[in-house]
Amino acid sequence: MRVSRRRRATDHAGSPSRLVLLGPRGGDLALIDVVRELEAGGALSPGARIAAITAGWRDREANEGLINPRLADRVVDLELYRRSDRIAEADAELARAHLESRNRLRALRRAYNLRLHGLIDAHRQLTGLRGDETVLAAEREEALEAVRCLDARHLDRVVEIRSEFEGRMAPGERDAVRSQRREVDARLDGVELIVVEGGHVSNLLSRLRLFGGRELLGGRTVIARSAGAMVLTERIVLFHDRPPWGEGNPEVFDAGLGIAEGIVALPHASARLALDDRTRGARLAARFAPASCVLLDPGRRIDRAGDGWSGVDGVERLDPTGRRVPFRAAA
Amino acid sequence: MRFDAGAREHGYDLSMPRSPAIAALEKQLVAGFAAADAVDAFVDANEFPLAEPPLYTFVYRGHADAVRLRHWVHGLQTSAPFRRLDGTDLWCYTLELPDESRVEYKIEVLARGRAEWIEDPLNPQRARDPFGANSVVQARGYEIPDWARESGEVRHGEMDELAVESGALESARHVTVYRPAEFRANRRYPLLIVHDGGDYVEYAGLKHVLDRLIDRFEVPRMIVALLHPGDRMSEYSADPAHARFVAEELLPRLERDYPLLPDPESRGLMGASLGAVASFHAALEYPGRFGRILLQSGSFLFTDIGDNESGPVFDRIVDMMNAYRAAPTAIAEKAFVSVGVYEPLVSENRALIHALRRGGADVRFVESRDGHNWENWRDRLREGLSWLFPGPLWMVYE
């Protein structure tokens with residue numbers, strides 16, 4: 001039952017020349033340090049203008065207290081969350097269609113999780129089963145392949161539903177959206193660096209899409225933090241190994257913008273993942289291979305310049321046995 | 001849990017589980033060590049109750065005619081006699097506790113013809129309640145949840161104080177309203193109405209719990225109305241006037257003053273003991289109004305055979321539960337019910353689960369190794385609130 005995981009069409013238009021993915025706030029790594037390093041290395045002009053996307057913060061969007069005050073005079077917030085509210089107020093038909101699409105996606109997510117639970121439970125039980133390994137190893141692999149197959153099918157369905165909405169409503173051609181996009185374009189004039197902050201991954205992703213997705217980034221250097229990093233990957237994986245209820249099975253949420261290729265971004269990994277549980281870790285790594293499951297803890301960072309990724313200062317990934325190993329070993 | 005059983009001698013049970021540490025102390029005493037010195041060293045060297053899982057030994061030191069353990073564990077004698085070690089003023093009582101148990105207790109000291117219930121002088125662990133405080137023994141595996149502790153690192157909600165006029169109750173009622181951190185008047189929030197809200201804040205740390213669970217995205221930002229009862233025994237025992245106050249007076253007032261989500265699944269009722277009864281009753285009287293209900297250790301008394309013998313305050317409750325058990329209805333879409341297995345209401349709550357499910361509710365039921373007390377109710381809040389009102393935990397990565 002080997003399923004070929006389709007590689008999604010990669011449109012390099014809008015791919016940033018330099019991409020830095022950060023873990024959550026905290027640790028020793030501050031945004032200003034990364035900016036200064038990029039300036040020193042020539043990736044940015046000294047004192048270059050910066051645009052911030054803080055739609056993931058929702059109500060707290062554009063809260064200047066959350067941007068480093070030493071950068072504040074160089075930063076303009078694109079206010080995508082507030083703008084999307086305005087679009088919804090001005091274009092009720094679009095807002096209604098978006099809500100319907102969202103409700104369909106919710107129903108799909110519920111069904112996917114029901115099916116996922118059964119498949120992962122089967123794999124979990126097979127992993128614990130002792131017996132003839134010549135039989136069990138193949139059974140485990142098939143059980144895992146069934147999970148991968150479901151993940152791939154779910155992602156296709158999500159993209160279909162979203163594409164149907166985008167095809168039918170053509171948001172980018174509607175007056176309310178075009179008007180806001182023009183204002184965003186004006187704010188982006190002269191900007192060399194875009195910082196995509198974290199927060200609510202679904203809210204952030206939908207606002208980025210509404211404002212053009214990867215085209216919005218326009219080939220500029222990008223620093224993305226936490227949920228910001230997740231939405232730039234090819235496949236967004238939601239995870240929490242210790243939720244108040246349920247098994248905490250990681251789930252595929254949606255396709256990201258596909259700029260950060262070959263990785264699954266896992267912010268807050270130490271807090272959200274049971275990293276001492278090698279069985280879980282191994283299943284996670286195998287499920288999303290060949291992509292690397294990168295543990296983006298506070299203060300951690302990975303960089304991409306050109307085609308390759310590099311891990312900086314101890315960033316780790318999960319290897320196929322569920323162990324934490326240096327990320328650079330995967331490069 | 002195993003208490004003493006079997007032959008008794010000198011008023012205490014010789015078959016009580018034997019603590020290895022106490023046995024070692026007794027050996028020293030038999031060997032002729034100075035009793036006072038040996039006991040001093042023993043008390044100084046240990047924390048009490050002495051934990052040798054699964055054995056826990058309660059210790060009292062002092063002159064007395066008798067010493068007893070007083071507890072509220074259902075099904076066991078509420079008074080268990082300590083044994084005095086020969087030649088000393090050290091009294092002890094050993095029992096076996098399952099892992100993760102939590103038991104509140106007092107020590108009863110009888111001396112000079114008087115009996116006094118005291119908190120355990122050798123145990124700093126206390127649980128407070130409206131009647132004072134009890135000592136607490138925590139068995140292996142029990143931990144106070146981190147999310148129940150006050151934290152300076154989380155965003156804090158704020159409290160408003162309201163006076164709500166009530167024609168139903170013929171007086172104004174004081175209601176405290178919790179607004180979450182980063183409250184915005186232009187957003188809409190779920191509502192939870194909490195019976196005995198003041199006690200939940202005081203003894204179950206409800207405000208800290210809300211702050212922490214919201215900060216962790218395990219529950220959404222929500223408005224929480226904390227009720228302070230008048231005549232609690234009357235109002236909370238299936239009183240139609242109280243239900244009318246909640247559904248027809250308080251709810252409209254809160255909807256007027258706060259930006260609330262309008263649908264039943266965004267409205268909840270919660271309470272413990274009689275507060276659970278009041279929550280259940282209000283939901284029953286106003287079907288479709290409250291889609292979420294959190295019931296802790298409810299006094300859901302019923303009689304399949306014979307009459308209620310629990311006292312007249314429970315007559316209305318028994319009538320309500322008998323009628324509900326005969327013909328269950330959907331009082332809420334989702335219900336969370338918890339009870340401690342050491343409290344006398346465990347069978348009534350188990351019976352309720354079946355009735356709620358027959359009525360069509362989606363029910364989660366949790367039993368804990370604890371009793372009828374506020375810290376038990378606190379410890380179940382994460383499970384209950386996050387199931388009834390799931391937050392954006394899976395979506396937020398800041």
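Visitor: To which strand of chain B does helix 9 run at about 165 degrees?
Guide: Helix 9 (residues 346–358) of chain B lies across strand 19 (334–340) and strand 20 of chain B. Helices (H or I, at least four residues) and strands (E, at least two) are DSSP runs, numbered from the N terminus. Angles run from 0 to 180 degrees between N-to-C directions, with axes fitted to C-alpha atoms, for helices over the stretch in contact. The strand at about 165 degrees to helix 9 is strand 19 of chain B.

Visitor: What pLDDT do side-chain atom pairs need to count?
Guide: Residues are numbered from 1 along each chain as its sequence is written, while chains are lettered from A and ligands numbered from 1 in the order in which they are written. This is a predicted model: totals for chains, interfaces and linings use all residues, local features need pLDDT of at least 70, and side-chain atom pairs need pLDDT 80 or more.

Visitor: Which strands stand at the edges of the open sheet of chain B?
Guide: The sheet has 8 strands in the order 13-14-16-15-17-18-19-20, with mixed pairing. Strands pair if DSSP finds at least two bridges between them. An edge strand has a single partner strand, so one side is left without a neighbour in the sheet. Here the edges are strand 13 (158–166) and strand 20 (362–368) of chain B.

Visitor: What is the bridge partner of B:Tyr178?
Guide: Strand 14 (residues 171–179) and strand 16 (residues 223–227) of chain B run antiparallel, joined by 4 bridges. In strand 16 of chain B, B:Tyr178 meets B:Val224.

Visitor: Which strands does helix 7 of chain B touch?
Guide: Helix 7 (residues 274–285) of chain B packs on this sheet. Its direction makes about 150 degrees with that of strand 17 of chain B. Contact is counted when C-beta atoms, placed from the backbone, lie within 7 Å. The strands touched are strand 17 (267–272) and strand 18 (292–296) of chain B.

Visitor: How far apart do the C-alpha centres of domain 1 and domain 2 of chain B lie?
Guide: Domain 1 covers 8–138 and domain 2 covers 146–388 of chain B; the bounds come from an automatic or database domain assignment. Across the contact, 13 residues of domain 1 of chain B meet 12 residues of domain 2 of chain B. The C-alpha centres lie apart by 37 Å.

Visitor: Which residue of chain B stands opposite A:Gly199?
Guide: The contact between the chains takes 18 residues from chain A and 15 residues from chain B. Strand 5 (199–200), helix 6 and helix 8 (227–232) of chain A each give two or more residues to the side that touches chain B. Strand 5 of chain A runs antiparallel to strand 21 (residues 396–397) of chain B, with 2 bridges. Opposite A:Gly199 stands B:Tyr397.

Visitor: Which residues of helix 6 of chain A make the contact with helix 2 of chain A?
Guide: Helix 2 (residues 80–90) and helix 6 (residues 201–210) of chain A pack at about 70 degrees, axes 10 Å apart. That makes helix 2 of chain A roughly perpendicular to helix 6 of chain A (under 35 degrees is roughly parallel, over 145 roughly antiparallel, 65 to 115 roughly perpendicular, the rest oblique). Helix 2 of chain A brings A:Leu80, A:Tyr81 and A:Ser84. Helix 6 of chain A brings A:Asn203, A:Arg207 and A:Leu210.

Visitor: At what angle do helix 3 and helix 4 of chain A pack?
Guide: Helix 3 (residues 92–128) and helix 4 (residues 133–169) of chain A have their axes 10 Å apart. They are therefore roughly antiparallel to each other. The angle is about 180 degrees.

Terms used:
Contact = placed C-beta atoms within 7 Å.
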